[in-house]
Amino acid sequence: MALTQVSSARSFGGEQKVFTHESKTTNCTMKFAVYIPPQAESEKVPVLYWLSGLTCTEQNFIQKAGAQRYAAEHGVILVAPDTSPRGCQIEGEDDSWDFGTGAGFYVDATEDKWKANYKMFSYITEEIPALINANFNALPDKQSIFGHSMGGHGALISFFKCPGKYMSVSAFAPISNPSASECPWGQKAFSGYLGSDKETWKQYDATELVKNYAGPPTSILIDQGKGDEFYVKKQLLPENFVSACREAKLPVVLRMQEGYDHGYYFIASFVGDHIKHHAEHLKA
């Protein structure tokens with residue numbers, strides 16, 4: 001599949017690039033960012049996928065997180081796809097900041113209005129990895145995934161729905177239990193993309209998925225800011241997820257960070273820990 005390079009910049013001995021391509025999954029032009037560490041010039045290296053949150057594009061993480069330094073240090077390719085299809089001419093796709101454009105929620109929509117384009121789960125777990133493996137010096141059996149907020153939700157469900165595909169998973173302030181009645185973001189997105197049958201929502205809810213997870217064990221790392229307004233408003237519900245993990249006897253570390261909010265200053269403060277966490281699993 002042809003890639004069109006949009007930009008390229010030298011960073012910590014590697015290259016930060018952005019590409020577009022015509023997606024067969026979302027039936028539109030998609031963008032993704034990829035950081036290629038210096039080690040990839042001479043050998044195949046592991047891949048770490050980052051999923052961003054509501055309203056973000058492929059740019060937010062690569063501009064604000066400072067992650068290239070750590071990707072270069074540990075020798076991992078870092079991939080950051082966009083958060084939704086764009087410009088699909090769907091009525092209402094640009095009406096809300098938390099649904100439609102910039103808010104794909106990493107599900108494969110089943111509602112007629114959205115299902116032709118909004119297949120972000122298949123896009124991030126199938127199409128993007130195939131592109132990366134075909135076009136970059138990547139180790140196809142060494143990949144992990146992490147993300148923030150909506151993207152933290154996406155990372156967790158990708159790990160649990162694709163047992164063995166990812167060697168590790170972590171998240172910053174993930175939407176941990178989106179099908180819960182007290183999570184307005186999840187209620188809005190899931191009813192819009194998946195319809196009114198709430199039983200079907202559980203297949204995209206990490207807190208529900210972990211209850212039946214039978215894949216390889218791993219240690220899950222989650223950072224949550226105590227000053228996060230969305231945590232305070234009960235949008236995120238990480239305790240529900242941690243409780244489900246403990247019931248399932250799956251190791252999880254929830255670090256509550258005093259004074260940190262939901263933004264990229266929070267992510268930049270701890271992204272080095274997360275990349276180190278994944279590098280240890282990817283190189284084990």
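Colleague: Leaving aside neighbours within four places in sequence, which residues is His 74 in contact with?

Modeller: This is a predicted model, in which local features need pLDDT of at least 70, side-chain atom pairs count only at pLDDT 80 or more, and totals for chains, interfaces and linings use all residues. Residues are numbered from 1 along each chain as its sequence is written, and side-chain values use heavy atoms, with hydrogens and water left out. His 74 lies in helix α2, residues 68–74; helices are DSSP runs of H or I with at least four residues, strands are runs of E with at least two, and both are numbered from the N terminus. With contact meaning heavy atoms within 4.5 Å, the partners of His 74 beyond those neighbours are Gln 39, Ile 275, Lys 276, Ala 279 and Lys 283.

Colleague: Is His 74 buried or exposed?

Modeller: Buried means under 20% relative accessible area, exposed over 50%, and partly exposed in between, with a 1.4 Å probe and protein chains only. The relative accessible area of His 74 is 15%, so this residue is buried.

Colleague: How many helices and strands does the protein chain have, and why is it called as compact as a globular protein of its length?

Modeller: The protein chain has 10 helices and nine strands. Its radius of gyration is 17 Å, close to the 19 Å that the globule rule gives for 284 residues; the radius is taken over C-alpha atoms, and the rule is 2.2 Å times the number of residues to the power 0.38.

Colleague: What percentage of the residues in the protein chain is buried, and which residues have the most contacts inside the largest nonpolar core?

Modeller: Buried residues make up 59% of the 284 residues in the protein chain. A nonpolar core is a set of buried Ala, Val, Leu, Ile, Met, Phe, Trp, Tyr and Cys residues joined through side-chain atoms within 4.5 Å. The largest such core has 94 residues, and those with the most contacts inside it are Phe 61, Phe 105, Phe 160, Tyr 193, Ile 220 and Phe 241.

Colleague: Which elements do the buried residues of α5 pack against?

Modeller: Helix α5 covers residues 184–194, and its buried residues include Trp 185, Phe 190 and Tyr 193. After α5 comes Gly 195, with a positive phi near 95 degrees. The buried residues of α5 pack against α4 (150–161), α6 (198–201) and α8 (229–232).

Colleague: Where is Ala 173 found, and what is its phi?

Modeller: Ala 173 lies in the loop between β7 (169–172) and α5. At 0% relative accessibility, this residue counts as buried. Its phi is positive, in a residue other than glycine, and is near 45 degrees.

Colleague: Which residues is Gln 224 in contact with, apart from its neighbours within four places in sequence?

Modeller: Gln 224 is found in strand β8, residues 220–225, and is buried with a relative accessible area of 0%. Apart from those neighbours, the contacts of Gln 224 are Ala 173, Tyr 231, Leu 236, Pro 238, Leu 254, Arg 255, Met 256, Gln 257 and Phe 266.

Colleague: Which loop holds Tyr 106?

Modeller: Tyr 106 has a positive phi near 55 degrees, although this residue is not a glycine. Tyr 106 is also buried, at a relative accessible area of 0%. Its position is in the loop between β5 (77–81) and α3 (120–135).
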